[in-house]
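Here is a short note on the aromatic side chains. Please read it with the model open.

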Amino acid sequence: MTISVAPGPDTQEGTRTGTAESTDSLTAPDIPWNLVIWNDPVNLMSYVSYVFQSYFGYSETKANKLMMEVHRKGRSIVASGSKEQVERHAVAMHGFGLWATVEKASGGNGGASGKSGGPRQGKGKRG
């Protein structure tokens, strides 16, 4: 296979021969993502638990535990998975009127990632 390279301002004119192999990965690495539900002053606790049970199929015990985490800590990671899957869940949660965001799973700090863009993050020092 012959690959011709058009000369640009920073390139030297030339021709490469050989087998071209791409080392770039076209797919994202299998990094898990988290669905975070945030506390809000609008939805009743019973409604949030109901949504967790009806949408995710969680038991009443698990749904109540996650709902209490949302209520007491201000947020809870209620699902994890691929980015596309978690984004679908976030859209569904928005449809239920819940405040949901997607963040990369960080592995080890309880799921709190500094790059999620969550509404209560960003208190760190800049510079």
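**Notes on the aromatic residues**

1. Start with F56. This residue counts as buried, because its relative accessibility is 18% and the cut-off for buried is under 20%. Keep in mind that the model is predicted.

2. Y55 itself counts as partly exposed, at 30% relative accessibility.

3. Now the wider count. The structure holds six aromatic pairs. One of them joins F52 and F56. That pair is tilted: the planes stand 55 degrees apart, and the centres are 6.3 Å from each other.

4. Where do F52 and F56 both lie? They sit in helix 1, which covers residues 45–56. Four residues separate them, about one turn of the helix.

5. Is F52 buried or exposed? F52 is buried, because its relative accessible area is 0%.

6. Look at the group as a whole. Ring pairs link F52, Y55, F56, Y58 and F96 into a cluster.

7. The charged end of K62 sits over the Y58 ring, at 4.2 Å from the ring centre. Y58 also belongs to the cluster above.

Technical notes. Residues are numbered from 1 along each chain as its sequence is written. This is a predicted model: local features need pLDDT of at least 70, side-chain atom pairs count only at pLDDT 80 or more; totals for chains, interfaces and linings use all residues. Side-chain values use heavy atoms; hydrogens and water are left out. Rings of Phe, Tyr and Trp (its six-membered ring) pair if their centres lie within 6.5 Å; planes under 30 degrees apart count as stacked, over 60 as edge-to-face and the rest as tilted. Helices (H or I, at least four residues) and strands (E, at least two) are DSSP runs, numbered from the N terminus. Buried means under 20% relative accessible area, exposed over 50%, partly exposed in between (1.4 Å probe, protein chains only). A charge sits over a ring if NZ of Lys or CZ of Arg is within 6 Å of the ring centre and within 35 degrees of the ring normal.
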